[in-house]
Amino acid sequence: MIEQIGIVGAGTMGNGIAQVCAAAGLSVTMTDISDAALTRGMSVVTGSLERLVNKQKMTDADRQAALKRIATTTDSAKLADCDLVIEAATENEDLKIKILKDLCTKLRPQALLATNTSSISITKLAAATDRPDRFIGMHFFNPVPLMALLELIRGLQTSDDTHAKAAEFAKRIGKVAVTAKNSPGFAVNRILCPMINEAIFALQEGIATAEDLDAGMKLGCNHPIGPLALADMIGLDTMLSVMEVFYEGFNDPKYRPAPLLKEMVAAGHLGRKTGQGFYSYGK
């Protein structure tokens, strides 16, 4: 049984994963490189749980219990007793490999290890660990507490037992799991990210305004959010990283990142997290 969860990274994805695990009754230890990052992460969790109470989707007693189940630390050695550790660091292959190698020196041999990557090869990341058969991709979607999907990605080495335990974990935390094989972008982002990239091309070429492109996809295709607003939510730096993985992985020019996307990232206009992307957010 998976009862003790470790999470590496207290950012948007990490704190969201921590929240859903704690709300489901699991004990969580969340790590990051600084106390300030952990404080910010817990502030987000606290605010999110309070909103659920205000919307009468959670009782105040359940909110308090969930918060008590989350411990924070800058010492990754505190993850030693975890049954499952989920790496949720920035979408950077070298950084992820460094984190995973360090974790392997501290975890129990039987512990499962997962990565929340949205595009990086699970097979390659697994090969950097001491437990490739107990390694799996767990692609959560933002915002984690609200999105029902959990995409499970099997590397070449991932065992059937690891996949089964990951699927049971998804069910335990109230997510619907779909399984994809290891390929750039897996299943969901293989479709989603090129669509967003094409919307950026359309904006760059002056086909329509950002507002009209988003309205067209919302009203004409019944999408809940337009592709450019979604890119701002994801983070334009993350979008660029994913498209670069596609471009390199498939060696196909149809996956080339839109020049405007590169320009936006170079300017530091990364979307909601910086207050400026395709839209302004008043920060």
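**Figure 1. Two domains in one predicted model.** Domain bounds here come from an automatic or database domain assignment. The model shown is predicted. Its assignment gives domain 1, residues 4–181, and domain 2, residues 193–273. The C-alpha centres of domain 1 and domain 2 lie 27 Å apart. Where the domains meet, five residues of domain 1 are in contact with four residues of domain 2.

**Figure 2. The whole protein, before the close-ups.** The protein has 11 helices and eight strands. Its radius of gyration is 19 Å, close to the 19 Å that the globule rule gives for 283 residues, so the protein is as compact as a globular protein of that length. Along the principal axes, the C-alpha atoms fill a box of roughly 55 × 45 × 35 Å. Take the contacts between residues at least 6 apart in sequence: 66% of them join residues at least 24 apart.

Figure 3. Buried residues make up 48% of the 283 residues. The protein exposes about 13400 Å². Carbon and sulfur atoms supply 53% of that area. There are 30 positive and 31 negative side chains. The centres of these two sets lie 4 Å apart.

**Figure 4. I136, a buried residue in a strand.** I136 lies in strand β6. Is I136 buried or exposed? Its relative accessibility is 2%, under the 20% cut-off, so I136 counts as buried. Which residues does I136 touch, leaving out those up to four places away in sequence? They are L113, A114, T115, I122, L152, I153, T158, T162, H163 and A166. L156 gives a distance to check in the view. I136 and L156 are 20 residues apart in sequence, and their C-alpha atoms are 9.8 Å apart in space.

**Figure 5. A cis peptide bond at P143.** Look in the loop between β6 (135–140) and β7 (149–154), where P143 lies. A cis peptide bond joins N142 and P143.

**Figure 6. F186, a buried loop residue with positive phi.** F186 is found in the loop between β8 (176–181) and α7 (188–204). Phi of F186 is near 55 degrees, a positive value in a residue other than glycine. The relative accessible area of F186 is 5%. That is under 20%, so F186 is buried.

**Figure 7. N251, an exposed loop residue with positive phi.** N251 lies in the loop between α10 and α11. Phi of N251 is near 50 degrees, again positive in a residue other than glycine. Why does N251 count as exposed? Its relative accessibility is 69%, and exposed means over 50%, so N251 qualifies.

Figure 8. Y255 is found in the loop between α10 (236–250) and α11 (259–266). N251 lies in the loop between α10 and α11 too. N251 is exposed at 69% relative accessibility, whereas Y255 is buried, with a relative accessible area of 5%. What does Y255 touch, not counting residues up to four places away in sequence? The list is R190, P194, M243, F246, Y247 and F250. Of these, M243, F246, Y247 and F250 have numbers within the span of α10, 236–250. To finish, compare the position of Y279. Y255 and Y279 are 24 residues apart in sequence and 24 Å apart in space, C-alpha to C-alpha.

Notes: Residues numbered from 1 in each chain as written. Predicted model: local features only at pLDDT ≥ 70, side-chain atom pairs only at ≥ 80, totals over all residues. Heavy atoms only, no water. Helix = DSSP H or I, 4+ residues; strand = E, 2+ residues; numbered from the N terminus. Rg over C-alpha atoms; globule rule 2.2 N^0.38 Å. Buried < 20%, exposed > 50% of the residue type's maximum accessible area, 1.4 Å probe, protein only. Contact = heavy atoms within 4.5 Å. Areas by Shrake-Rupley, 256 points an atom, 1.4 Å probe, with all protein chains shown as cover. Lys, Arg positive; Asp, Glu negative; His and termini not counted. Charge placed at Lys NZ, Arg CZ, Asp CG, Glu CD.
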